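Please consult the sequence and the structure while reading.

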Amino acid sequence: MSAVDSDSRSERWNRAVLGPLSSDFLRITTPRDIQEQADRQAALALYQQQTALSPYMPANIVGRLSITVAQAKLVKNYGMTRMDPYVRIRVGHFVYETQTDPNGGKNPRWNRVVHSQLPAGVASISLEIYDECSFTMDELIAWTEVKLPEAVLRGDTHEDWYPLSGKQGDGVEGMIDLVLSFQPASAQGATTYMYQSVAPVVMVPSVTGRPMPVFVHPQQQPQIVNSHYPQQQQQQQPVPAPPQTAPLTEEDLKQIQEMFPNTDREVIKSVWEANRGNKDRTINSLLQMTDQ
């Protein structure tokens, strides 16, 4: 009998599926989770598009800011187990996140380098440390606002520990280690670049309940901008008015619904409007959505 039991145990182990669990395993999905996931997907999609384009820098950007989030020392571990901290960084309207340090507790380490464009008029950055939770919303542990040192804006590399605020009080929640450096736009030289306008993104719901970004085709041809004479270039090449969106007829709507019976009418209308009433592009965008 022992040999039979051993064989059956071996068969059960062979049938077992081994491997890493998904990040959302046993995680309760709330409307706020869905919204945050949609925001992250849209931000990531736009960031990937912008970094894939040429190094053209808009006129309101003064340079590139490099931020190294090295580590933190927190005064308290909140919760029954060791915390899983990550950092959210805001530079003007740009938002970035580090990876999570599993079981980082009071001494998390990230060593994450973030390269961000620095908009004109932005003199400080804000950081928030969260504890990634599995069954509840991620908990905000600490936060701080760091004023960019003048030495960094002059081109020096600066490393320092900055105090954190939190439940313990202002500036007493712990410290975070940052390395800052800056490269002004003038140091990159004036060059003629070819770039395309970023394609619009439409957030649409999927069968899994999590909205996803759907890219629509750009309507304008690539433009050539000469950074030596940006004002003359703008005068010589006026921006054309965007084409008007063709109305969605009931016949077209019915035909598209027959092709995508599981897609809501409002989603079809949103994708139609984002594609300026182009039927073929609308169908391609919906195919992209259903494939994901």
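Which residue in β6 does isoleucine 125 stand opposite? The residue is valine 146. This is a predicted model, in which local features need pLDDT of at least 70, side-chain atom pairs count only at pLDDT 80 or more, and totals for chains, interfaces and linings use all residues. Residues are numbered from 1 along each chain as its sequence is written, and side-chain values use heavy atoms, with hydrogens and water left out.

**Overall composition**

The protein chain contains seven helices and 12 strands. These elements are DSSP runs numbered from the N terminus, with helices (H or I) of at least four residues and strands (E) of at least two. Of the 292 residues in the chain, 32% are buried; buried denotes under 20% relative accessible area, exposed over 50%, and partly exposed the range in between, with a 1.4 Å probe and protein chains only. Contact is defined as heavy atoms within 4.5 Å. Among contacts between residues at least 6 apart in sequence, 62% join residues at least 24 apart.

**Strand pairing**

Two strands are taken to pair if DSSP finds at least two bridges between them.

| Strands | Bridges |
|---|---|
| β2 and β5 | six bridges |
| β5 and β6 | eight bridges |
| β6 (residues 139-147) and β7 (residues 158-166) | two bridges |
| β7 and β8 (residues 169-184) | eight bridges |

Individual bridge partners can be followed along these pairs. Tyrosine 86 has tyrosine 130 in β5 as its partner, tryptophan 143 has serine 165 in β7, and tyrosine 162 has isoleucine 176 in β8. Strands β7 and β8 form a hairpin with two residues between them.

Strand β5 is largely enclosed by the rest of the structure, because six of its eight residues are buried.

**The aromatic pair**

One aromatic pair is found in a search of the whole structure. Rings of Phe, Tyr and Trp (its six-membered ring) pair if their centres lie within 6.5 Å; planes under 30 degrees apart count as stacked, over 60 as edge-to-face and the rest as tilted. The ring centres of tyrosine 86 and tyrosine 130 are 5.6 Å apart and the ring planes are at 15 degrees, so the pair is stacked. Because tyrosine 86 lies in strand β2 and tyrosine 130 in strand β5, the pair ties together parts that are 44 residues apart in sequence. Tyrosine 86 is buried at 3% relative accessibility, and tyrosine 130 is likewise buried, at 12%.

**Nonpolar cores**

A nonpolar core is a set of buried Ala, Val, Leu, Ile, Met, Phe, Trp, Tyr and Cys residues joined through side-chain atoms within 4.5 Å. The largest core comprises 30 residues, and those with the most contacts inside it are Leu65, Ile125, Ile129 and Ile176. Two or more residues each come from β1 (61-74), β2 (85-91), β3, β4, β5 (124-131), β6, β7 and β8. The greatest contribution is that of β1, with six residues. A second, separate core has nine residues, including Ile256, Val267, Ile283 and Leu286.

Beyond its neighbours within four places in sequence, isoleucine 125 contacts Leu65, Ile67, Arg90, Val91, Thr144, Glu145, Val146, Leu148 and Leu180.

**Helix α5**

In helix α5 (residues 250-259), the buried residues are Asp252, Leu253 and Ile256. Viewed down the helix axis, they fall within an arc of 100 degrees, so they line one face of α5; the arc is that of the directions from the axis to the C-beta atoms. Glu250, Glu251, Lys254 and Glu258 are exposed on the other side.

**Serine 165**

Serine 165 is located in strand β7 and is buried, at 14% relative accessibility. A polar atom of the serine 165 side chain lies 3.0 Å from the backbone nitrogen of glycine 171. Apart from neighbours within four places in sequence, serine 165 contacts Ile141, Ala142, Trp143, Asp170, Gly171 and Glu173.

**Positive phi values**

Most residues other than glycine have a negative phi. Asparagine 103 has a positive phi of about 55 degrees; asparagine 103 lies in the loop between β3 (94-97) and β4 (109-119) and is partly exposed at 48% relative accessibility. Asparagine 111 also has a positive phi, near 50 degrees. Asparagine 111 lies in strand β4 and is exposed, at 56% relative accessibility.

Terms used:
Polar contact = N/O pair within 3.5 Å; in protein donor to acceptor, adjacent residues only side chain to side chain.
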